Amino acid sequence: MLLGLMGAMPEEMNKIIAAISNKEIIERGGRLYYKGKLYGQEVVAVFSRWGKVAAATTATNLIVEFGVEKIVFTGIAGAISPDLSIGDIVIAQHLFQHDMDARPLMRRFEIPLTGKTSFEVPSVHVETMQKAVHNFLKNNEKFRTKLAEHNIAHIQMHIGDAASGDQFVSDKKTRNALLRDLPSVLCVEMEGAAVAQVCDDYSVPVIIVRVISDSADESASVSAMNFVTQHAGDYSLAILKEYFELITKSKSL
Ligand code: ADE
């Protein structure tokens, strides 16, 4: 099985790309796709750039041109729920597009002509990633020590909803409005629901894993950029290592 690996930023993908063996590099539509093997798994890895359109075109290309049978997206997100701390990990169940609003023609958040206000990740995939993140939190003592030195300790895993939109949320007013309007949402980012929509169109499973880099408040830009340069790539690679260990043992996942 060929698996697509996506992130939005080079910092989120560089460590993954460096770890791929027998790399072939293919350029399409302004993106570089890295095809090869990662921890025994055939993969195509790419960073999409930020935002829903860039993520959607990249996901479409992964499916149509490369024929990937599943996409795993890893990257950072801002916390919407007050229960989340920087360094926590969210595995998305439902993905909303918080900036989709075709009222009064449709319900707020409804994706036109789908009848849906969110896209769901099949529970089997959420559960497998849950096991992988559990193993990530159990292993990786050295990495966790490094995080603790940066005041990131007691990392929690959360399973729940995420919202995507073409907006970097960096004020409490916007964050609180999101929480009020989409109360099930744990975190906010800029790509996941777009990738989930493409995957829904093509019946390709998707898994979205986000690490909390900021609190989507006035400190978000500094916090997110520090986190992405210092930790995001290590998180993504270490989580994927655990995930591939599980799925290569059980071919059906
Ligand atoms: N990705 C990481 N932090 C974010 C935020 N605060 N808003 C949108 N996307 C993000």
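Q: Start with helix H2. Which of its residues are buried?
A: The buried residues of H2 are Lys 52, Ala 54, Ala 55, Ala 56, Thr 58, Ala 59, Asn 61, Leu 62 and Ile 63. Keep in mind that this is a predicted model.

Q: How many residues does H2 have, and how far does it reach?
A: H2 covers residues 52–64, so to speak, with 13 residues. From first C-alpha to last, H2 reaches 18 Å, close to the 18 Å expected at 1.5 Å a residue.

Q: Why would residues three or four places apart point the same way?
A: An α-helix has 3.6 residues a turn, so residues at that spacing point the same way.

Q: Back to Asn 61. Why is it called buried?
A: Its relative accessible area is 16%, and the cut-off for buried is under 20%.

Q: What does Asn 61 touch?
A: Arg 28, Tyr 33 and Phe 66, leaving out residues up to four places away in sequence.

Q: And Gly 51, where is that?
A: Gly 51 is in the loop between strand E4 (41–47) and H2.

Q: Is Gly 51 buried or exposed?
A: Buried, because its relative accessibility is 5%.

Q: What does Gly 51 touch?
A: Beyond residues up to four places away in sequence, Gly 51 touches Asp 166, Met 190 and Glu 191. Met 190 also belongs to the ligand's surroundings.

Q: OK, the ligand. Which residues surround it?
A: Ile 76, Ala 77 and Gly 78 are among them.

Q: Which side chain has an N or O atom 2.6 Å from a nitrogen atom of the ligand?
A: That of Asp 214.

Q: What about backbone atoms? How far is Val 169 from a ligand nitrogen?
A: A backbone N or O atom of Val 169 lies 2.8 Å from a nitrogen atom of the ligand. For a backbone N or O atom of Gly 78, the distance to a ligand nitrogen is 3.3 Å.

Q: How much of the ligand's accessible area does the protein cover?
A: The protein covers 96% of the 260 Å² that the ligand has on its own.

Q: Switching to packing. How many residues are in the largest nonpolar core?
A: It has 78 residues. Those with the most contacts inside it are Leu 5, Ile 71, Met 129 and Tyr 235.

Q: Which helix gives the largest share of that core?
A: Helix H7, residues 220–249, with 13 residues in the core.

Q: What does Tyr 235 touch?
A: Its contacts include Gly 87, Ile 89, Phe 136 and Phe 143. Leu 147, Ile 152, Ile 155, Val 211 and Phe 227 are also touched by Tyr 235. That leaves out residues up to four places away in sequence.

Q: How many residues does the second core have?
A: The second, separate core has 10 residues, including Ala 163, Val 185, Val 188 and Ala 216.

Q: What is phi at Asn 151?
A: Near 60 degrees, a positive value in a residue other than glycine. Asn 151 lies in the loop between helix H4 (141–149) and strand E8 (157–164). Asn 151 counts as exposed because its relative accessible area is 73%.

Q: And Ser 203, what's its phi?
A: About 55 degrees, positive although Ser 203 is not a glycine. Ser 203 sits in the loop between helix H6 (192–201) and strand E10 (206–214). Ser 203 is exposed too, with a relative accessible area of 67%.

Q: What is Ser 21 in contact with?
A: Gly 36 and Lys 37, leaving aside neighbours within four places in sequence. Ser 21 and Gly 36 are 15 residues apart in sequence, and their C-alpha atoms are 5.7 Å apart in space.

Notes. Residues are numbered from 1 along each chain as its sequence is written. This is a predicted model: local features need pLDDT of at least 70, side-chain atom pairs count only at pLDDT 80 or more; totals for chains, interfaces and linings use all residues. Side-chain values use heavy atoms; hydrogens and water are left out. A nonpolar core is a set of buried Ala, Val, Leu, Ile, Met, Phe, Trp, Tyr and Cys residues joined through side-chain atoms within 4.5 Å. Buried means under 20% relative accessible area, exposed over 50%, partly exposed in between (1.4 Å probe, protein chains only). Helices (H or I, at least four residues) and strands (E, at least two) are DSSP runs, numbered from the N terminus. Contact means heavy atoms within 4.5 Å. A residue is near a molecule or strand if one of its heavy atoms lies within 4 Å of it. A polar contact is a pair of N or O atoms within 3.5 Å; within protein, one must be able to donate a hydrogen and the other to accept it, and residues adjacent in sequence count only if both atoms are side-chain atoms. Accessible areas come from the Shrake-Rupley method with a 1.4 Å probe; for residues, only the protein chains shown count as cover. The expected span of a helix is 1.5 Å times one less than its number of residues.
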